[in-house]
Amino acid sequence: MSIKESLRPQNHYDLFPSNFPSGPPPSSSFHVDPSKLRQEFLQLQAQAHPDRHQGIDKVKAEAASARINDAYRTLLNPLARARYLLSLRGVELSEDESIAGSPSGMSGEGTGGQNVDAAFLMDVMDVREEVEEATSREEVEEMKMKNNERKKASEDRLDELFRAGDIESARRETVKLGYWVNVGTALEGWEKVGDGRVSEHD
């Protein structure tokens, strides 16, 4: 892809034709292959590297490089990818819904909870209590594995929904994925301390 082509109006998927020859879902899967995506990303960045160009072409190369980098980061991250796909269909998550993937969204309060069922929110709160009450690294590692399974299930569900064109359900599932991503962030923030207990590391 030339610098000129990378500056044309297009979506993130168009920037990576080797990975997404058919474009975004429903024409392709929601899932991506991280290693293949990185390989194409590095190839594109090598072509657009500013040091390889001069004058106006250097300015264009810098813009192209920034655009490629933004597209790569978005497509690599499942939650960011889901939000981006929704935006392509004119659906923007509200501030409350977006907070579901942030630390303040951990409790399920004021975080778009009205867009997911009560049973799901109860599950989130139960998991939150487990995280807060963890007393060993083994417990935390087990919770990480379980949460990774939850995130994978959510991503698989998003694949089905985007393929089916069920955008409203995909929006709700994206909010759910945000909760599990936030739980994962909290778990990653825990570390073992000298007395054998674990504490949340700021």
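Helices (H or I, at least four residues) and strands (E, at least two) are DSSP runs, numbered from the N terminus. This is a predicted model, in which local features need pLDDT of at least 70 and side-chain atom pairs count only at pLDDT 80 or more, while totals for chains, interfaces and linings use all residues. Residues are numbered from 1 along each chain as its sequence is written, and side-chain values use heavy atoms, with hydrogens and water left out.

**Figure 1. The chain and its elements.**
The chain has eight helices and two strands. From the N terminus on, their order is α-α-α-α-α-α-α-α-β-β. Of the 202 residues in the chain, 43% are buried; buried means under 20% relative accessible area, exposed over 50%, and partly exposed in between, with a 1.4 Å probe and protein chains only. A contact means heavy atoms within 4.5 Å. Among contacts between residues at least 6 apart in sequence, 64% join residues at least 24 apart.

A pair of aromatic rings is described by the distance of the centres and the angle of the planes. Rings of Phe, Tyr and Trp (its six-membered ring) pair if their centres lie within 6.5 Å; planes under 30 degrees apart count as stacked, over 60 as edge-to-face and the rest as tilted. This rule gives five aromatic pairs. In one of them, the ring centres of phenylalanine 41 and tyrosine 72 are 4.0 Å apart and the planes are at 10°, so the pair is stacked. Phenylalanine 41 belongs to helix α2 (residues 34-48) and tyrosine 72 to helix α3 (residues 55-76), so the pair ties together parts that are 31 residues apart in sequence. Both phenylalanine 41 and tyrosine 72 are buried.

**Figure 2. An aromatic cluster and two charges over rings.**
One aromatic cluster is formed by Phe120, Tyr179 and Trp180. A charge sits over a ring if NZ of Lys or CZ of Arg is within 6 Å of the ring centre and within 35 degrees of the ring normal. Arginine 150 has its charged end over the ring of tryptophan 180, 4.9 Å from the ring centre. Over the face of phenylalanine 120 lies lysine 176, at 5.3 Å from the ring centre.

**Figure 3. Asparagine 11 in a loop.**
Asparagine 11 is found in the loop between α1 (3-6) and α2. Its relative accessibility is 17%, so asparagine 11 counts as buried. A polar atom of the asparagine 11 side chain lies 2.8 Å from the backbone nitrogen of tyrosine 13. Not counting residues up to four places away in sequence, asparagine 11 touches Pro24, Tyr84 and Leu88.

**Figure 4. The largest nonpolar core.**
A nonpolar core is a set of buried Ala, Val, Leu, Ile, Met, Phe, Trp, Tyr and Cys residues joined through side-chain atoms within 4.5 Å. In soluble globular proteins, nonpolar side chains tend to be buried together. The largest core here has 43 residues, and those that touch the most other members are Phe16, Phe20, Phe120, Val131, Leu158, Phe162 and Tyr179. Two or more residues each come from α2, α3, α4 (78-88), α6 (118-133), α7 (137-164) and α8 (167-188). The largest share, nine residues, is from α8. Leaving aside neighbours within four places in sequence, valine 131 is in contact with Met143, Ala186, Leu187 and Trp190.

**Figure 5. Helix α7 and aspartate 159.**
Helix α7 has 28 residues and reaches 41 Å from its first C-alpha to its last, close to the 40 Å expected at 1.5 Å a residue; the expected span is 1.5 Å times one less than the number of residues. Among the buried residues of α7 are Val140, Met143, Lys144 and Asn147. Aspartate 159 also lies in α7 and is buried, with a relative accessible area of 12%. A polar contact is a pair of N or O atoms within 3.5 Å; within protein, one must be able to donate a hydrogen and the other to accept it, and residues adjacent in sequence count only if both atoms are side-chain atoms. The side chains of aspartate 159 and serine 29 make such a contact, at 3.2 Å. Just after α7, glycine 165 has a positive phi of about 75°.
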